[in-house]
Amino acid sequence: MSRLVVDNLSVTFRGTGRAVHAVCGLSYELQAGRTLGIVGESGCGKSTSALAVLGLNDRRAEVTGSIRLDGTEIVGAPAAQVRALRGSSVAMVFQNPQSALHPMKTIGTQIAEAYRVHHPRTSRAVALKRAAEMLDRVGIAAAARRVRDYPHEFSGGMRQRAMIAMALINDPSFLIADEPTTALDVTVQAQILDLLDELKDERGLGIVLITHDVGVVSTVADDVLVMYAGRCVEFGPTRDVLDDPRMPYTAELLASLPSRAEPDALLPAIPGSPPDPSRLPSGCAFHPRCPHIDLVPGGRCHTALPELVGSEPGRLSRCHLRSLPARRTSVIITAREPRTGAPSDEPVLDVEHLTKDFALRGAGVLPGARKRVRVVDDVSLAVHRGSSIGLVGETGCGKTTVARLIVRLLDATSGTIRYAGTDLATMSQADLRPVRKDLQMIFQDPVSSLNGRHTAHTIIGTPLRVHAIVPGAGVRNRVRELMEVVGLNPDHADRYPHEFSSGQRQRIGIARALAVEPKIIVADEPVSSLDVSVQAQILNLLSRLQAEFGIGYLFIAHDLTVVRQFCQDVSVMYLGKVVETGGRDAVYGRPAHPYTKALLAAVPDVAAPRRGERAVLSGEPPDPAAVPSGCRFRARCPIAQNVCAQVEPPLVEVAPGQRVACHFPAVGAAAR
Amino acid sequence: MTDASGFGFARFDAEADLELDAPRQTVWRALLGNKVAAASGMVVAMFVLTAIFAPLICAAFGVSPNDPHTELVGFDDQPLVGPSLHHPFGVAPATGKDLFANWVYGARYSLLIATLAATAAIAIGLVLGMAAGYLGGWVDRIVSWLIDLFLTMPFLLVAAAVAAILDATVGRRGSGAFQHAQFVALVLMLAAFGWTGMARLVRAQVLSLREREFVLAARVIGCSTSRILFRELLPNLTVPIVLGFSLGIPSIVTAEATLSLLGIGISTLPTWGATIRDAEPWWRADPGYLWQPVLALIVLVLALNLLGDALRDALDPKIRR
Amino acid sequence: MLRHVARRSVAGLLVLLATVTATFWLFLSGPFDRARVMCGVNCTPLRYHQIRASLSADRPFLSQLGEYLSGLFVGRDVPIGKISVHCAAPCLGVSYAQRRSVTALILGGLPVTASIAIGAALLSVTVGLWLGAVAATHRNRVVDRLILTVTMGATAVPFAVVVVLAYLLFVIRWNILSGDGYHPLFSDGSFWSNLASWTSSLLPAWLLLGLFGAAGYGRFSRGLIVESLGEDYVQTAVAKGLSERAVLRRHAMRAAYPPIVTIFTLDLAGLLSGTIFIEQIFGLSGIGYLAFNSIGERDLPVLAGTTLFGAALVVLGNLLADLLLARLDPRVKLQ
Amino acid sequence: MTARIKLTVAVAVVGVLTAACTASHHTGPSVSSGKAQVAHAGAAGLQLDPTARGPAPNVPGAKSGGTVTVLDTASLATGLDPANAYTTGGDEILNLTVRTLTHYQRRGDSYVLVPDLATNLGTVTDGGLTWTFRLKDGLRYEDGTPISAADVAYSIKRSFAPELPGGTTYQKEFFVDGLKYRGPYDDGDAYAGVDAPDGKTLVIHLTKKFPDMPYFASFPLFSPVPESKDNKKDPQQYGLHPIATGPYRIASFKESHELVLTRNPQWDPGTDPIRHQYPDRFDFKLGQSYLTASQQMIEDRGSAQTSILSGIDAPTYSSLMSAPDGAQRLVTGTEPCNQFLYIDTRKVPDVRVREAIGLATPHASVWKVTGSVPGVTIVPSTTLLPPGTPGRIDFDPLGDGSKGDGDPAAARKLLVQAGSVGFKIRWLYASDFPVSVNVMQLFKKAFERAGFTFTATPVVAEQLSAESNNPNAPINLRLGNWCSDWPSGSSWFPALFYGPLIKQNPHDAPNESFLDAPDVDAAINRIEATDDLRSAAHQWGELDKLVMTKYYPAVVFGSGREPVIRGAEVGGLHVDSTLGEPFYTDLYVS
């Protein structure tokens, strides 16, 4: 039985500035046939520690400690010796299958190359044949033919399968998977996780699974290691750690997950943001954010680094507290503050039959020959005052296009957007300008959504000036007020975006949207690029603003748990169409469309069952340019019948307020 | 890429991926921390000062650039006097003109022409690049087509034709207008062949900026197109603009020298290129005559390039990291 | 793929058409006395009147352009004084100074210029890539700094000056390189001795143009390789167990090829300009030599012809580069 | 009337000197530097020898074999058609490949006109209006076919064709129907001016007396052109390969690039009193950059050792003189050219003022800034006829030798005498041409010092020559260069100082001094009609002295000299003083 032993591993970067201790004294041991999940937020050192196992760190990285593979020391070993281990004994799968494959070489060549490196006497043809076999094993159909394809001809999930095939072609004992599913859709993520799990069993692999998503760990890892600021803060069998965390960080992180929260409740967010690895707090790195700091006498949390100690066999945690107190009352889920007004029946914004066609670029020499693709097809939805509607679906389903159509960043091909008695869809941009005040947008990326050349003051003040909301002299004060509203220090108004953390940047973006006192905010994945602990803060802020100002949200997300926590109504989109829509309780509680069901099932939830106990949706979202006939979901649908190929199901009400586009809706069935 | 021709404006294209948000302080720190950059900056500053104060400098030495002193050369045209306090760089063969004055004015004209041409090129490139990138559609197609057109025309031959045409048109109307026309034509020619790189770079930047969420945000807020272009996009183009100057000026200095060398620049100004042309036959008999302008050109262009490179490094997160 | 080529060809032809029009307007029409321009500095009244008679400058621009364009496709008779010279398609006009078809003159110089340009281009790209790879893998170390300084220094001097200095020093003073002019590859005598003479006659041009070009490509490819060394797929390749050399050659450098091809086409016009100086100084009687002498003689038909020929080469080069890019980077076909 | 075009090296000078009819070249004047071997001007006697017979006298030390390379900065772009030929460079090359009725034989430093294809220098009858030449026996083309007088007649007819416009115009002025006949391509073979009654006899009919006919008969158009080799659709083609009759034939010719001559086996030295056939091959490298060519010659390595290069500029001269055998490798000789500063006699009517201009002229400074090397590319001169012209009388009207930077005091004295202190000199210069600007600055300094007022009008170089040629230009001084077509005063005075020219050319200034003196005109008419060339030469010499002392219409800036650099292994190099080009036919490789 092979063993991978990591002992007191430290990785330090020494550049011109101060030394960065990315990983400090990390130890773990992994046996073949088991999966170790390493969890942590950005900058915690989880990926750096993984790279160290294969000696892949940057030249400037100083690696100390010991990494032994079946007794062979890797740290400090000659380059050739380490190279011989790479890919043959320990293989690696990276986060982004898009960029991890060479774009100009065929999949087969790249996989075969991995084989031939370690089997130098193998011919190209034989290696290619093996590559095809391996591709077949990881679930690529027609593998023998597809070895000749280039990465861009593969879908994201297929690319990750190919990466796994490449990693496993030399039959390694250990596989290090660094965020292998982060870039993938939730349904595909489930497939890949299942695949990894299967392969582990089949080949007796030892897997190190690195992820920021506790849900992912919970579904496949045997043991879990929680990292914070370069150190292991908690270790133990997955179930035990998730059910009974011993370290405040783990506990708070789990508590802030929307999936564990009651709908509409404020989330018990961890204050602050993950520390910058180049300036770690003294003592326990978590102490500035820790709710229990008062329980440790003498301020030891500020000064002394707690040891990693075992409270019981197989469990380790790093905290001065022997045991955590019961959850504080203050963090216990509280109902959202009462709304200023109940959602009225009359929607503020009523979108009907919205349709958008795009021309495929460069399809022909003549303009007329352009092929058109319908990316949004007959979408209707309504936003009510003081209420949120969630729009969920996989990548490319058209949800972002819907958002941009509504705020008229794009012009709809047909359909109406009724607001305050007028149709925004046909309004000219000039006429639209005054209406824009009422209709704002929050964006996904806190980096790209702020102009780096402007100060926070300018950014928040621009809408005030454009719409002349306050007189010129009043702008300064109004910006300060807005900053306070979104929880920013008004004294930081003259700072540039890069001087703020990503959570703070997102707050600036919210303040900018808020400046015009909008009635409706379209939020396009506002929290998906934030760390879990920060995500909760932003969701809380959005809730608070809704309660305070009665704003109606159109909330776009791929994360179903966030939507459930945040939105009263949900619409599920598939390939440009809404396939199911209704109240939160109905859609989550009694999903009627097989796609909705599959989506819900695919969410890796801390509380979710392990592999094999749930249905995983096969296939990947098809190309919008090639929509299947009849029901567009039928190719992936487990209950598809002949009629589905011929007749497109209309959106019909199956229960009060719940409408589904399916020939065979699962009426009244409970979720899962 | 080859500056083989001396007209390597294409170099911009290599730098399409720049950090637009590079904070100014970081850039300055990176620049000042770089000894090479600091030294190059000083060299460039010295040339610029020389250029600005050329008349004063010459007056201080009591020399002037266009004043023949045939008594200082022999019948074989060799100078009879060497470098001295009165003539710090000696005098030119044949005419006995003061070489120091020539050199100082060479710096003046080189930098003046390069700065003007670079400014014009950058202005054209900026406007067309922004228009193409932001407006897209047929504007983009026309600009791209114009860029292709200018890339196909051999600069040198077109310059020669323009020079011939100027001779035959403006030249007929008298020489005062002619000299101005030559100057304007030279600057415009250099700009006309220099803007394409800038336009490509700006277009690419604007194309990516246009999809940035802050631009979308500005549109959602209701900002006008001109506000978006000038208030949101333009501040983010300072990097290409700065690089345009730092990489454009040296290549224009070189291009201008090449043209004067071939006698198709400004015919009577004592530019370095013109001095090199006059001095080439004397490379053996009076080597100093040739090496003064050549070294000046090398040092100036090298310093400008090093400065530009340091600037790009400072602006490029991949390299700074 | 075919459609891609077709579209690019059409675009190239449109650019070329515009180039022809612009060139024709600039060189052969326009609001000035062409006869005076052609006659040049050494103009004698006799010469002037001959030229004037041979030009039909009074006709409308479009009809002149039409004639020029039709000459390109079917040839035409170009009047020179009283007689007219037949100029076969593709007719680029007739040299005033030499009274011969410009096309013939250009074709006569083509072997020389092509030999120079192809050799220099190969040298530039290979040496440049090699320099770039060495610099990139030794980033911020002495070797890298050295390469950066040398390549930058090389590009700091006007190429025209470099060529003259190189001639004076290497040919005249040290007698290391040959400056005796072009020796055709296919002429009387044994192939091998011709090959040797051909090589030695072109060596200075290749070295000068090639090495100076390499300086540019070196700096450019250094940047590209540094960038691609930071890409995820390079990490993948290392994780596979590939040696550093193999990673560099098969993965990191591979990614640098398409941008280099792109830059190469952008630079083609510069390469052709470079040959003008080389050919003139080293007495290599190619197209650059022809063009250079035409500048002095104000032989505008030849200048216009060489301009168009250069433009056509650039357009053709762009087209070939497109094909090459599609081969090098499979993603291109999609766009 | 025009003069032969001489193309030269020192491009810088173009634009300084405005030549009314010729494009000319070298500049710069005088004062012997002492370093170079300065050849003496040819004797001033009449140089005709109707009795000379082949073969040509051997060149001492000459060897057979080898290749002589001629580095040529000119391009020969217009080809080598005898009918088109009118450049000194082209004519000198043609002298290797084609033979003419008469030509010059070198005798030491002088060049003597002798019969070449013809048996004598022509016999004149019919009161001077009919010239008859008889061809020698045994003359053959390079392909072995015999040469017939009809071929010479055909060649002369071609020279009238507008399709071949580059050549001389004497035939149009003097030959019967010269102004009417438009060549064999348009007007067919029937031309009354020439006649070949049998295979050996050529008869030329004139409209007026032309005693210089033997000289004219040395021009390339008097070489045979077989009608069968002429492409009548494109007459210019012939110039790419004129059929050889001389010792060399064209092996390959790429205009603007290279001309290779190899021996012509059909050439019979026994019939040729002028030419030799020493080298196996002549290799003319055309369109060379002067800089690179001159550096090769200074270095004298490899093929440069068997090369020659015409012309020299000041830096090359300096470098060459410091090379060990450099002085031995520089050969200079007389050029039939003079540089003049023409004074507009209409606007400067007082001869004392004109003489003051002469005294104030800064010769030496101008030579310096124009890159001339005194004694090598120019020699001081005080006469209108250049050294070597038969009958020339050497005299110095102002007594200053025209070689220093002028005598401002003497000039001022003359001005005071004439009551013209502050006389306004009006000058034209090219403001975009540095050398021209320099010259202007020197003139301004010198003339103002002598008491003149000096105003200079700027034009662009492109326009300088046309502006200067305009009789009504607001200027009173013009710089110009003149080269003769043959060594006789008839190539100078009738073209430069003949009064009726002014009226005949209202838009042109062939007589750039605008000298309109009845006694000069009468003398010109009288001497031109003198059949005895010996007497005529003497009279031209006298006229020179008269014009300069009585009228002083031009300051003589200097007489041109042709410097030629040879490689160490080139022997027999002399400068052909009738053309100012290297006399190729005597060259050999040692």
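Glu173(D) is partly exposed, with 33% relative accessible area; the class lies between buried, under 20%, and exposed, over 50% (1.4 Å probe, protein chains only). Its partner in a salt bridge is Lys208(D), with closest N and O atoms 3.2 Å apart. A salt bridge here is a side-chain nitrogen of Lys or Arg within 4 Å of a carboxyl oxygen of Asp or Glu. Lys208(D) sits in the loop between β7 (201-205) and α5 (213-216) of chain D and Glu173(D) in helix α3 (residues 170-174), so the pair ties together parts 35 residues apart in sequence. Lys208(D) is partly exposed too, at 38% relative accessibility.

This is a predicted model: local features need pLDDT of at least 70, side-chain atom pairs count only at pLDDT 80 or more, and totals for chains, interfaces and linings use all residues. Residues are numbered from 1 along each chain as its sequence is written, chains are lettered from A and ligands numbered from 1 in the order in which they are written, and side-chain values use heavy atoms, without hydrogens and water.

Stay in chain D for another bridge. Arg329(D) and Asp300(D) meet through their side chains at 3.5 Å, N to O. Arg329(D) lies in the loop between α7 and β12 (330-343), Asp300(D) in the loop between α6 and β11 (307-310), and 29 residues separate them. Helices (H or I, at least four residues) and strands (E, at least two) are DSSP runs, numbered from the N terminus. Both Arg329(D) and Asp300(D) are buried.

Next, the contact of chain D with chain B. It takes 35 residues from chain D and 27 residues from chain B, contact meaning heavy atoms within 4.5 Å. The buried area is about 2,500 Å², with 56% from carbon and sulfur atoms; this is the accessible area (1.4 Å probe) that two parts lose on being put together, summed over both. Glu299(D) forms a salt bridge with Arg284(B), the closest N and O atoms being 2.5 Å apart.

Chain B also meets chain C. Here 51 residues of chain B are in contact with 55 residues of chain C. About 4,900 Å² is buried between them, 75% of it on carbon and sulfur atoms. The salt bridge count is 0. On chain B, α5 (137-152), α6 (155-168), α10 (238-261), α12 (287-315) and α13 (317-320) each supply at least two residues of the side that touches chain C.

Chain C itself has 12 helices and 2 strands. Buried residues make up 60% of its 335 residues. In the largest nonpolar core, of 144 residues, Phe159(C), Leu208(C), Ile278(C) and Phe282(C) touch the most other members. Such a core is a set of buried Ala, Val, Leu, Ile, Met, Phe, Trp, Tyr and Cys residues joined through side-chain atoms within 4.5 Å. Helix α4 (residues 99-135) of chain B gives the largest share of this core, 13 residues. Leaving aside neighbours within four places in sequence, Phe282(C) is in contact with residues including Val163(C), Tyr167(C), Pro204(C) and Leu208(C).

Last, charges elsewhere. Glu67(C) and Arg76(C) form a salt bridge at 3.3 Å, N to O. Glu67(C) is partly exposed at 33%, whereas Arg76(C) counts as buried at 14%. In chain A, Arg137(A), Asp171(A), Glu198(A), Glu202(A) and Arg203(A) are linked in a network of salt bridges. Over all chains the structure holds 65 salt bridges.
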